[in-house]
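Dear colleague,

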Amino acid sequence: MSTLTEQQQAANLRAFFAEGINSVTRERIFFNRLAFDLKIAAARAGYHLHLYEPDVDRDGFDIVVEDQDDGMGWFQLKAVLRSAGTASWDTTVGFLRPHIDMGDRLGFDPVECGRGGGVILIEIDDTTDR
């Protein structure tokens, strides 16, 4: 049992997340939280959802989501501390463009198509004690 107050614990957590050396660990923590939240939401809806993550981060996406209807999406994850004041993030526009199968139905030229995914922004509220 910790003898630290809630305020001290919150301050320690903020310091941990803010340290550059912990950026990969921070992203892993929130990847796991996102996976948990998505799986719980799918289970509550009676929906089958598959989540995959690449072994190597070289294609720019962090998670692949496949639904029970064989729909797939490639997503890039971004995690930020609320106190950081970050207003923009670099990403690839290909995540935001529809996959070629859907793009064809929407009238997109094949060269304008992308992965058919998106960007998931995880904001970490480090401004409160809870």
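Is Leu 96 buried or exposed? Leu 96 is exposed, with a relative accessible area of 56%, where buried means under 20%, exposed over 50% and partly exposed in between, with a 1.4 Å probe and protein chains only.

Please keep in mind that this is a predicted model, in which local features need pLDDT of at least 70 and side-chain atom pairs count only at pLDDT 80 or more, while totals for chains, interfaces and linings use all residues. Residues are numbered from 1 along each chain as its sequence is written, and side-chain values use heavy atoms, with hydrogens and water left out.

Leu 96 lies in the loop between β3 (72–81) and α3 (100–106), these elements being DSSP runs numbered from the N terminus (helices: H or I, at least four residues; strands: E, at least two). Together with Val 93 and Val 119, Leu 96 makes a nonpolar surface patch of about 250 Å²; such patches consist of residues with over 30% relative accessible area and no salt bridge, with nonpolar side chains (Val, Leu, Ile, Met, Phe, Trp, Tyr) joined within 5 Å and like charges within 9 Å, and the areas come from the Shrake-Rupley method with a 1.4 Å probe, only the protein chains shown counting as cover for residues.

The whole structure holds 2 salt bridges, each a side-chain nitrogen of Lys or Arg within 4 Å of a carboxyl oxygen of Asp or Glu. In one, Glu 53 pairs with Arg 28, with 2.9 Å between the closest N and O atoms; this pair links distant parts of the chain, 25 residues apart, with Glu 53 in the loop between β1 (49–52) and β2 (63–67) and Arg 28 in helix α2 (residues 23–44). Glu 53 is partly exposed at 37% relative accessible area, and Arg 28 is partly exposed at 34%. Arg 33 and Asp 37 also form a salt bridge (3.2 Å, N to O), and they are separated by about one helical turn because they stand 4 residues apart in helix α2.
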